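Take a moment to turn the model around before reading on. The walk below goes through it piece by piece.

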There are 2 protein chains.
Amino acid sequence: MDGQVIKLTRGTPPTSTFPTGKIAECASAVLAQHGDEVLQYGPSRGFLPLREELARETNTKADQVILGGGSLNLLDLFIRLVVKPRDWVFVEKPTYDRPLILLRRAGARVRGLPMEEDGLNTRYLTQRLEEGVRPVFLYVIPDFQNPSGTVLALEKRHRIIELARQYDFWIVEDLPYRKLRYRGDEVLSFLEMAPDRVLQMSSFSKLISPGLRVGHLIVPEPLAGPLAKIAEETTINASYLNQAIVYEFIERGWLEPQIEELKVTYQPLLDATLASLEDHMGDLATWHRPDGGFFVGTMLNAPVDAGVLQQKAHEAGLLLTDGRTFFPDGDGDRFVRLPFCALSEREIDEGIAGLAGVVRSLG
Amino acid sequence: MDGQVIKLTRGTPPTSTFPTGKIAECASAVLAQHGDEVLQYGPSRGFLPLREELARETNTKADQVILGGGSLNLLDLFIRLVVKPRDWVFVEKPTYDRPLILLRRAGARVRGLPMEEDGLNTRYLTQRLEEGVRPVFLYVIPDFQNPSGTVLALEKRHRIIELARQYDFWIVEDLPYRKLRYRGDEVLSFLEMAPDRVLQMSSFSKLISPGLRVGHLIVPEPLAGPLAKIAEETTINASYLNQAIVYEFIERGWLEPQIEELKVTYQPLLDATLASLEDHMGDLATWHRPDGGFFVGTMLNAPVDAGVLQQKAHEAGLLLTDGRTFFPDGDGDRFVRLPFCALSEREIDEGIAGLAGVVRSLG
């Protein structure tokens, strides 16, 4: 470890990928051309040209697109709009930890749907619905799921939409990693299949830069007005300057090559992670083999206490996220998320070898 | 009116005051020097140099300073942190309309404290406290209050602090207009007098540009950790890029001259407003004579229905904000807020003459 700490904690892109010069050019252009607009208050839905661009891309209307200071913030507004204390919300298990915090704060009851190699267990979902549990919405990360790395199979997406119509709940799909596919074919998004039932959230944090804080939520028309209203009441509007920078970046044709560069950077890191797992953890854990995104989720074979694991890993120079934070209901001790995008291949191999040593020492 | 609509609605600064070229220079410098930091995720409290600058200015610690996407957003987080349904919160009456919406959403019971020429009625406040009403906090805009324009007298500030200590409530002072004083002397802020009891919110929206969405909240130390946590849970962090632009603007010595320019721009508009009120409304309304800020609040002498007034004004080419939105408890029909900063002297005179005509026609 050479005294260096290896961070296997959050899904943060490496600063080396930031197109800083291009962002500066976009900022200058935007202030020169749209200074009066981007420096003033504006309607809470956000900078219209970017909303129109996202609407074109998703075959929706600009009025359905709401921009915010990151997509998490918009999810929070949606939760505040539709979730009352003791309402049910379904999530994948494991899932992204931050929405769990928002849901807990709203007083929601959260049910985790177990993950399989091809995404959430739809039989389990069906059973819960048949038992009479009625969620307000299902929160799902269909592509390169955080934290497991899996992609939800097309037939399961169809089944979930069927259930959403039958039992009247919203599907909130979160797509921050969708465009970071390193191999294989894209699966239809929920929004493409059922625009009347689906809220699609995503952001430019993983594609351009997290610091710009530009996320978006595309919602069915009846929800657009109420969401724009609660957004205005809460923040007046998010920064048009940042939104216009993103728009300008896209307008200049810089987003596609940026994404291609990210793929070239990240794919070898994913492959290194999978190879190191084979080398060091083959007898200690199981994992899916993701085709994209930021994470490989691993499940240790032997029982372990997540707190102890975290502590021992720390002593060995490894920072881990507590696996239990990804599980809505107290599970997750054996779950370890491996974010690989901000590490070097050497750090990945040393990190996973170190993790194997720690797990063995606890076995 | 020449067919032109005169907007007497929100307190929006005129785009002509935006230092757009300087902001562009700051953006370029910030991205060149701090690109990696401002484009990455960061701690939720915000960009440290700006927090240090604000801490120096207010004699607090940087850890107590939390930056957000506008100050309203931070107030919302504070409300979510400390207010439970049916808790009491005290406000001035009239007060800024947006906090009332946030408080209602939190289920708070809101008591309005009547405004006098030198700010809120402290005898009324004392009586409510003696009756046993226990607010979680008092929200107050001590300088050039929105919407009335008044400044809270120093002795009243002392009295309020005394009461806050005795009855154990927080004072939240909102200071967006404090630095826009066109005459007279500054009064000590609540924070200067009682840093252990006071949360100070303010922003650069009225001093540099609203579109940057940079606001701040300075809080007593015990609240800083919990507020930073709820901020992280809700938005991860607000945009460091925007915060760094503001910091750079201050660093370069551009803020003070910018404020001086704003004063030179706004003072004649305030004077024109007061003169036009004398000319046209002397027998129809009363108002205080503010020494700064964005607003003159007027109270019509004769009873009127705010909805009818708004409608008739609209027919006469005047957009008004419904006076009732500034009152927590259904009052405010006779209240008209006159924001003068984004109007020309001619628009001000025509607007107020028009308003007088409408009021007379309803009398």
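Predicted model: local features only at pLDDT ≥ 70, side-chain atom pairs only at ≥ 80, totals over all residues.

Residues are numbered from 1 along each chain as its sequence is written, chains are lettered from A and ligands numbered from 1 in the order in which they are written, and side-chain values use heavy atoms, with hydrogens and water left out.

Let's start where chain B meets chain A. Each side brings 47 residues to the contact (contact means heavy atoms within 4.5 Å). The two chains bury about 3,900 Å² between them, 53% of it on carbon and sulfur atoms; buried area here is the accessible area, taken with a 1.4 Å probe, that two parts lose on being put together, summed over both. On chain B's side, B:Leu39, B:Tyr41 and B:Arg213 supply 17% of the area that chain B buries against chain A, more than any other three residues.

What else links the two chains? There are 24 residue pairs in polar contact between chain B and chain A, both partners at pLDDT 80 or more. (A polar contact is a pair of N or O atoms within 3.5 Å; within protein, one must be able to donate a hydrogen and the other to accept it, and residues adjacent in sequence count only if both atoms are side-chain atoms.) Helices H1 (20-38), H3 (71-82), H4 (97-105), H8 (221-235) and H9 (240-251) of chain B each supply at least two residues of the side that touches chain A, and H1(B) gives the largest share, nine residues. (Helices, H or I with at least four residues, and strands, E with at least two, are DSSP runs numbered from the N terminus.) By class, that side of chain B has 21 nonpolar, 17 polar and nine charged residues. In this sorting, Ala, Val, Leu, Ile, Met, Phe, Trp, Tyr, Cys and Pro count as nonpolar, Asp, Glu, Lys and Arg as charged, and the others, Gly among them, as polar.

Salt bridges come next, each one a side-chain nitrogen of Lys or Arg within 4 Å of a carboxyl oxygen of Asp or Glu. Six of them cross the interface of chain B and chain A; B:Arg105 and A:Glu233, for instance, meet in a salt bridge at 3.5 Å, N to O. Over all chains, the search finds 68. Inside chain A, the side chains of A:Asp118 and A:Lys156 pair up at 2.7 Å, N to O. A:Asp118 lies in the loop between strands S4 (109-116) and S5 (119-120) of chain A and A:Lys156 in helix H6 (residues 154-167) of chain A, so the pair ties together parts that are 38 residues apart in sequence.

Finally, pick out A:Val136, which sits in strand S6 (residues 135-140) of chain A. What does A:Val136 touch, leaving out residues up to four places away in sequence? A:Val82, A:Asp87, A:Trp88, A:Phe169 and A:Trp170 are its contacts. A:Arg252, by contrast, is 116 residues from A:Val136 in sequence and 40 Å from A:Val136 in space, C-alpha to C-alpha.
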